[in-house]
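Me: I have a structure here and would like to go through it with you, one label at a time. Could you tell me what stands behind each word?

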Amino acid sequence: MDSEKKERIYRFMLSLVAFWLLWEWLVPLKTVSDTKNVDVFIGFVAFCLLLSLWPLPRWLAASFKWFYIFYALNTLFFHVPFFSFRWFPLLIQEVVAHITIVRHFRWMEMTNVFRSFLFFLLLWMMVYLVRYWLFVRKKIWLFYALTVLYIAILDTFTAFYGNGAIVRLVAIGFFLVSWLHYERFSKIHAKWLLVCTASIGLSIGIAYVLPKLPPQWPDPVAFIKGYAKETQQKTTTASSTVKKIGYGTNDSRLGGPFEADDTIVFTVTDDQRHYWRVETKDVYTGKGWEARDTVQIQTFDNGNITHSWWGNVKKTIVAAHVQMAQARIYLAYPEGVKTIRTPQNVVFRMQLSNEKMYPTDRESYIQPIQEYVVTYEYPTFSVEQLKAAPPVNDRSLIERYTQLPDKLPQRVRELAQTITKEKPTPYEKAKAIEQYFRFNGFAYETKEVAVPGKDDDYVDQFLFTTKKGYCDNFSTSMVVMLRSLGIPARWVKGYTSGQYIGESADGKKMYTVTNNNAHSWVEVYFSGVGWVPFEPTQGFSNPYSFTETTPKSVPTPVPKQTEPTQPRVKLDRIIEKERASVPSWKETVMLLFTWKKIVWLTCAVLSITWLLYATRRKWRPYVTLWRFRYRHSDDTVVKAYLALLKHLRDYGLQRKQGQTLRQYATLVDDAFGTNEMSRLTYLYERIVYKNDEVGKWDEMKELWENLIKKTVS
């Protein structure tokens with residue numbers, strides 16, 4: 001009876017595990033799909049598992065499951081009294097109508113009724129398979145690995161936030177895998193369960209408090225999508241691959257065709273048209289752009305952006321509401337942004353090398369956001385002021401933003417000088433280069449776009465060979481030519497203002513920004529003004545205002561754009577200065593244990609553990625001697641004798657099955673050349689079986705200690 005009860009408890013625990021695994025698959029559907037009433041499907045899984053715990057005939061269990069399915073479908077879609085059975089012909093009509101749809105693979109024409117019906121059948125099959133692997137095969141590794149992969153993909157490519165699911169999978173999943181592994185060979189003891197649980201709990205605790213790096217690929221979605229749609233295109237100089245769809249992170253090798261992608265990135269309600277910046281890059285390699293290798297961070301608490309954008313420029317304060325299609329770990333923002341407000345409590349941090357902005361929590365961990373409101377300064381640039389701007393005298397800024405590769409072809413420099421030879425000011429030179437592309441046979445092209453070969457320069461190829469390309473070709477070429485003239489310029493990427501779709505209830509303009517609106521443009525630095533956007537790409541116009549009237553306001557110098565002097569810190573190591581002076585326990589741990597200390601500490605612990613295990617036969621007997629040296633309780637004799645048997649077994653003197661204690665004592669005495677084990681066993685048996693007071697622990701202690709010491713090897 002006891003064994004039957006234990007078996008029921010065991011089956012119930014495994015059923016809970018099966019329900020948990022299937023529950024992890026169903027919960028994300030609320031976020032990543034239009035599936036409604038997910039709780040109904042979760043209830044069906046629980047119902048099937050409960051039925052499996054009872055020894056019901058298969059036909060009866062199947063009848064209960066069909067009843068649940070029909071009742072749920074009627075409640076969700078047909079809304080008629082269930083026992084009137086008026087729902088039955090309606091369901092039959094749905095099934096018959098979908099025979100043709102399924103046969104011709106017209107999946108998009110399937111109704112919600114039929115999809116739900118198929119989903120119930122799929123869950124029925126999944127419950128059976130999971131129970132088979134758990135109860136019969138006692139294996140779960142494959143399904144567990146698929147669950148982890150499923151959650152990881154959803155967390156990466158959708159709005160589903162899977163941190164909690166990952167932690168649960170690690171904690172419970174590894175315990176389950178270990179449990180089933182050992183259960184196939186023998187019964188599981190309570191000590192093993194305790195050790196396994198403690199080990200997993202300790203591992204998770206250590207992983208929780210250790211410092212964590214921020215994501216190294218802020219948004220892999222566009223990167224992977226590009227490879228999913230790649231096609232090959234031959235050009236006059238090299239073959240290229242279609243990889244460029246929407247906003248990407250890798251610009252080290254530009255060129256090649258790209259395909260249009262109408263996927264919505266975000267929608268915005270705004271009063272002005274402008275560009276949405278994501279990042280800038282300042283190192284031109286001859287093949288593309290790279291960001292300067294620095295991890296300096298500027299922190300903006302409470303959504304107040306204190307970064308300096310412009311100096312003496314006429315500005316208007318404007319607000320915009322941004323709704324991302326899915327949560328992002330970086331921001332698209334207008335130049336001149338002053339405040340950012342989100343429903344979440346986040347801290348914004350800007351990577352100063354490329355002005356890319358990330359939302360984080362107060363402990364510097366990335367916190368994806370999907371909705372925010374920005375207020376920004378919309379500038380109106382005075383042409384007279386730009387023409388009158390004095391030369392830039394900041395040496396570090398000039399060195400950084402006039403960088404060019406040593407192998408830049410000389411004819412690129414000569415072309416820039418030819419275009420601007422009659423232009424006296426940096427602004428007029430910039431406008432001349434910007435307009436050069438509009439009147440000299442350059443065409444906007446997305447398909448037949450060359451990729452520079454091994455010995456080709458990206459800009460040189462576009463200016464003198466192909467004259468066909470998209471925004472990257474035009475903007476990069478303008479930046480390079482300006483830099484060759486000693487004018488500080490940088491390459492900026494993000495999105496255009498998008499497509500106008502109407503007005504909101506409060507009269508603001510609404511725009512939809514898709515991957516097709518991914519764009520790059522040019523910013524040129526002017527003393528006393530700051531960074532000014534230019535638009536060289538054919539077919540695009542600069543969304544910012546330029547006037548011929550000089551503003552009457554008193555000039556105020558713009559802060560020097562020097563290399564930041566803030567401490568060199570990584571995003572995940574920033575400690576909030578605004579927080580309380582008494583650090584939390586987690587901050588204290590992160591400060592005390594650097595990565596180097598953690599590595600050394602781990603190596604030391606592993607080394608000590610291995611050494612103790614390797615020498616256990618030399619020190620464990622002395623531990624046993626110490627344990628029983630001062631004990632005088634009634635059960636001391638029994639426990640001491642059993643401990644001796646354990647040490648003898650470890651020494652190599654194994655007691656055979658069916659062998660009496662006296663026979664085993666003779667075997668031990670023969671091995672050690674003594675009669676101490678036989679004498680000790682005789683006293684032990686008198687105490688245990690005859691309750692004889694003659695043999696006391698004090699009398700046995702010397703014999704026992706001598707035998708314990710003999711096991712040291």
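Me: Which residues of helix α13 (residues 410-420) are buried?

Reply: Happy to start there: the buried residues of α13 are V412, L415, A416, I419 and T420. Buried means under 20% relative accessible area, exposed means over 50%, and partly exposed is what lies in between (1.4 Å probe, protein chains only). Helices here are DSSP runs of H or I with at least four residues, strands are runs of E with at least two, and both are numbered from the N terminus. Before we go on, please note that this is a predicted model, in which local features need pLDDT of at least 70 and side-chain atom pairs count only at pLDDT 80 or more, while totals for chains, interfaces and linings use all residues. Residues are numbered from 1 along each chain as its sequence is written, and side-chain values use heavy atoms, with hydrogens and water left out.

Me: How do you know that the buried residues of α13 line one face of the helix?

Reply: Seen down the axis of α13, its buried residues fall within an arc of 115°, so they line one face of the helix. The arc is taken from the directions that run from the helix axis to the C-beta atoms.

Me: What do the buried residues of α13 pack against?

Reply: Their partners are α14 (426-436), α15 (458-466) and α16 (471-484). Contact means heavy atoms within 4.5 Å.

Me: What is the angle between α13 and α16?

Reply: These two helices pack at an angle of about 80°, and their axes are 9 Å apart. That makes α13 roughly perpendicular to α16, as angles of 65 to 115 degrees count as roughly perpendicular, those under 35 as roughly parallel, those over 145 as roughly antiparallel and the rest as oblique. Axes are lines fitted to C-alpha atoms, for helices over the stretch in contact, and angles run from 0 to 180 degrees between N-to-C directions. On the α13 side V412, R413, L415, A416 and I419 take part, and they meet V480, M481 and S484 in α16. By class, this contact has six nonpolar, one polar and one charged residues. Here Ala, Val, Leu, Ile, Met, Phe, Trp, Tyr, Cys and Pro count as nonpolar, Asp, Glu, Lys and Arg as charged, and the others, Gly among them, as polar.

Me: Why is α15 called largely enclosed by the rest of the structure?

Reply: Seven of the nine residues of α15 are buried, so the helix is largely enclosed. Those residues are Y458, V459, D460, Q461, F462, L463 and T466. Their cover includes β5 (283-284), α13, β14 and α16.

Me: What makes α15 roughly perpendicular to α16?

Reply: The axes of α15 and α16 come within 9 Å and cross at roughly 105°. That angle makes α15 roughly perpendicular to α16. Y458, V459, F462 and L463 of α15 make the contact with D472, N473, F474, T476, S477, V480 and M481 of α16. This contact has seven nonpolar, three polar and one charged residues.

Me: Why is α3 called roughly antiparallel to α4?

Reply: The axes of α3 (residues 38-52) and α4 (residues 58-78) come within 10 Å and cross at roughly 165°. That crossing makes α3 roughly antiparallel to α4. The contact is made by V40, G43, F44, F47, C48 and L51 of α3 with A61, F64, K65, Y68, I69, A72 and L76 of α4. Those residues divide into eleven nonpolar, one polar and one charged.

Me: Why is K467 called partly exposed?

Reply: K467 has 28% relative accessibility, so it counts as partly exposed. K467 sits in the loop between α15 and β14 (468-469), and its phi is near 55°, a positive value in a residue other than glycine.

Me: What makes F85 partly exposed?

Reply: F85 has a relative accessibility of 47%, and therefore counts as partly exposed. F85 lies in the loop between α4 and α5 (87-103). Its phi is near 60°, again positive in a residue other than glycine.

Me: How do you know that W276 is buried?

Reply: The relative accessible area of W276 is 1%, so W276 is buried. W276 belongs to strand β4 (residues 276-281).
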